Amino acid sequence: MPIPDYQTLMLPLLKIAAEGETRIPELEERICNDFGLSEAEREALLPSGRQKVIHNRLHWSKFYLTRAGLMDVPSRGRFVASPAGRELLARNPPRIDIPLLETYPAFREFYRSTREGAGENGAGAEVAPPPVTATVTPEEQVEAAYAALQAALRQDLLARILQNPPAFFERVIVTLLVAMGYGGSHRDAAQQLGRSGDGGVDGVINEDRLGLDRVYVQAKRYAPGNAVGRPEVQGFVGSLVGLGATKGVFVTTSAFSTQARDFVRHLTQRVILIDGQQLADLMIEHNVGVRLTRAVEFKRLDEDFFTDEE
């Protein structure tokens, strides 16, 4: 069955808390068993990959029940049903949800104040509650919105790269590698990249600032749907062999074929394939071509970065 939403979890959570003081990790397996969740559902993560969905929803259920005065928190992380919570259970409610919690003055005041605070300035409130009909937690809503914005930003970044001249793509790679800690200064990296002269290598960059090791780079600016195949990657690897190199990075704005990816898995050389999606993710992570916007750290396209001056 689907993972129960945080409101559906409120009643069983309160019932367990009425049995005695407990913690979320202590009751999580019991809840999962009661709802017949599969192993995949039990281990499902939020989009950020930092927390399990069921764990997150249990915490929000507990948070709201506590705000309504239905749970007491004797120590950090531990909770137990309060007298008000036990009284509610004695009435045998079929379900506990936001409308029911709003019958409690403490929760009604909290819920109204946080909604008004979020509406005024989008910040400053302790929690921005979801609509009553929501089945996901506020954190899940934020992460879903964040994921959607990141996906749109990735598409914008790749589109802008394709709109600019090929030389611009080389500058993007230089800027990104320097931002990731390779090549020393931007000037040093620019001098290295694009000077190899080898047919299968576009440039070479120092792996560290002392130049103790080098990474050879190949960059292909292909349109979406035009994947880099095994022959191109094999040619790059052949050039590495001819140069006596052991490390290479092949970057493209499109994708790599399955055959190309399979080819590099068992090579003597260490060859990393970076496709368009990974390239955009790295640019976002290292603030290349994007700029920070708003306190919640969403990022948007940096228009100035994509203005070619040449």
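Predicted model: local features only at pLDDT ≥ 70, side-chain atom pairs only at ≥ 80, totals over all residues.
Local features need pLDDT of at least 70 and side-chain atom pairs count only at pLDDT 80 or more, whereas totals for chains, interfaces and linings use all residues. Residues are numbered from 1 along each chain as its sequence is written, and side-chain values use heavy atoms, with hydrogens and water left out.

Q: Why is helix H4 called oblique to helix H8?
A: Helix H4 (residues 53–67) and helix H8 (residues 138–163) pack at an angle of about 135 degrees, with their axes 9 Å apart. Angles under 35 degrees count as roughly parallel, over 145 as roughly antiparallel and 65 to 115 as roughly perpendicular, with the rest oblique, and therefore H4 is oblique to H8.

Q: Which residues of H4 and H8 meet?
A: With contact taken as heavy atoms within 4.5 Å, Val53, Asn56, Arg57, Trp60 and Tyr64 in H4 meet Pro138, Glu139 and Glu140 in H8.

Q: What makes Val53 buried or exposed?
A: Buried means under 20% relative accessible area, exposed over 50% and partly exposed in between, with a 1.4 Å probe and protein chains only; Val53 has 8%, so Val53 is buried. Not counting residues up to four places away in sequence, Val53 touches Ile3, Ala44, Leu45, Leu46 and Glu140.

Q: How do you know that strand S5 and strand S6 are joined?
A: Two strands pair if DSSP finds at least two bridges between them, and 5 bridges join strand S5 (residues 247–252) to strand S6 (residues 270–274), which run parallel. The bridge partner of Lys247 in S6 is Arg270.

Terms used
Axes fitted to C-alpha atoms, helices over the stretch in contact; angles between N-to-C directions. Helix = DSSP H or I, 4+ residues; strand = E, 2+ residues; numbered from the N terminus.
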